[in-house]
Amino acid sequence: MEWIFSLCVGVVWLALGIFFVIWLSRKHYDIGKLPFGGTQLIPLAIVFWIFLTIILLCIWAGVWKLLKELNVIEWDSWIEEPYVTWTLLGIVVFGILCIPYSRLFEPKFLCIRHLRAAKGSRNLDFVGRIVVISDLHIDTVVTGAWKGLVSAVNGCKPDVVVLLGDLLNSDEALPILHNILSKIQATRKLAVRGNWDTWYWHTLPLLKDTGFQWLDGSCETIDIGGQTVHIVGCPFSDEETEPVGVANALLESVPAEDWRVFLYHSPDLCEEIVGADLLLSGHTHGGQFAVPFFGPLVALSRFNRKYARGLHRVSGRSSFIYINPGIGVEPMIPWRFCMRPEVTVIDLYQGTGSRVSVSEMWCSSGHNRLCCKAKCPGWMWRNLCCFTRWICAACGWDRTPCCLCACPCP
């Protein structure tokens, strides 16, 4: 009898969950001035429904045991089984521990991710190094990974540093921003405005005396290692057609055999940009929350999760885009989970030919080097390294264990 009752309750609850997900997916909201809703809400609705289910199961288990002790009911229930009780308890404890971790630890747990970008397929020569930082969101109240940003960037010894916008959460943090940016060392330091900079801080001298230069719909031609690199940047705009037209005109005007890099705060324009070899964006924060083996729950982009974080080949183009998950956090949502703040290091190579290839090499946190300097002497060690890399990549964690020893995956 109890199993039939539980089955009926489960079917009804599942039906209510499906109805809730469908209902929420038809809603549309605005976060700041950014549209948000539709299919973007489906993963959030599912996670919320699962969370509510676990809470109700815990309440059900407690009420059932109380009623048995009061002799109101006499039959046993599956909810009393030890494996069910311990599973629910483990999930609840894990969820409770995730709250301080995602608030106090991961937002400060900066990682450095290395990419290799080559133009040409033969006779490749190293050109130079670009370091990408984005979405600092510096605040006087909420601390973040930007406290260790200067040492992380300068330790990479960049030729060019590019800053992809969204610099402040509060105008009171402007002196902190100036102090950090002025200490970053590079031959050239370029920046584009993000949506926060355009909407709220357009009157503030964000880059005063920092050595950074705004790219406001302009192209900077830089000689790095004897090779020419053209960097085009546009400020964030609510009217997307304007920066697209400016960027395409600038990219068309530079030689195709040189490196052509396009900077824009959001990945929303990537499929409309023609002529860029490499596009660099931020804005999404990688969703700030990710689920292992699924990825970000949602991203504030018109592409949603398609270009939420990391390296992608642009659909219908030969170019690549890398979306940096940012350094800081939204002031209203100061948490990160499985989405660490990141400094991205891109090593440029130039060779014979026009084919562009970009690949992720490794990710390190500067102190978490688990693989030492071993050369993976046997197939068992190589398999262990690759399995570790796969798990860590799925969880968004440090992939150093496999990559520092340069062991090829079998």
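**Cavities, pocket and a helix contact**

Student: Which residues line the second largest cavity?

Tutor: The lining consists of Phe-262, Tyr-264, Ser-266, Pro-267, Leu-269, Cys-270, Leu-279, Leu-280, Ser-281 and Ile-321. The model is predicted: local features need pLDDT of at least 70 and side-chain atom pairs pLDDT 80 or more, while totals for chains, interfaces and linings use all residues. Residues are numbered from 1 along each chain as its sequence is written, and side-chain values use heavy atoms, without hydrogens or water.

Student: What counts as a cavity or a pocket?

Tutor: On a 1 Å grid over protein atoms alone, a 1.4 Å probe fits in a cavity but cannot get out; a pocket is open, with protein on both sides within 12 Å along at least five of seven lines, and lining residues have an atom within 4 Å of a point.

Student: How many cavities are there of 30 Å³ or more?

Tutor: The structure holds 2 of them.

Student: Turning to the largest pocket, what is its volume?

Tutor: The volume is about 1,600 Å³. Of its 42 lining residues, Leu-44, Val-47, Phe-289, Leu-297 and Phe-337 are the closest to the centre.

Student: Which elements supply that lining?

Tutor: At least two residues each come from β2 (34-37), α2 (41-69), α3 (82-105), α6 (195-199) and β12 (290-291); DSSP helices need at least four residues and strands at least two. The largest share, 8 residues, is from α3.

Student: What is the make-up of the pocket lining by class?

Tutor: The lining of the largest pocket has 31 nonpolar, 9 polar and 2 charged residues; charged means Asp, Glu, Lys and Arg.

Student: At what angle do α2 and α3 cross?

Tutor: Their axes cross at roughly 135 degrees and come within 10 Å, on a scale from 0 to 180 degrees. In the contact (heavy atoms within 4.5 Å), α2 supplies Ile-54, Leu-57, Cys-58 and Lys-65, and α3 supplies Thr-85, Leu-88, Ile-91 and Val-92. By class, this contact has 6 nonpolar, 1 polar and 1 charged residues.

Key. Grid points are joined across faces, edges and corners, and a volume is the space filled by probe spheres set on the points.
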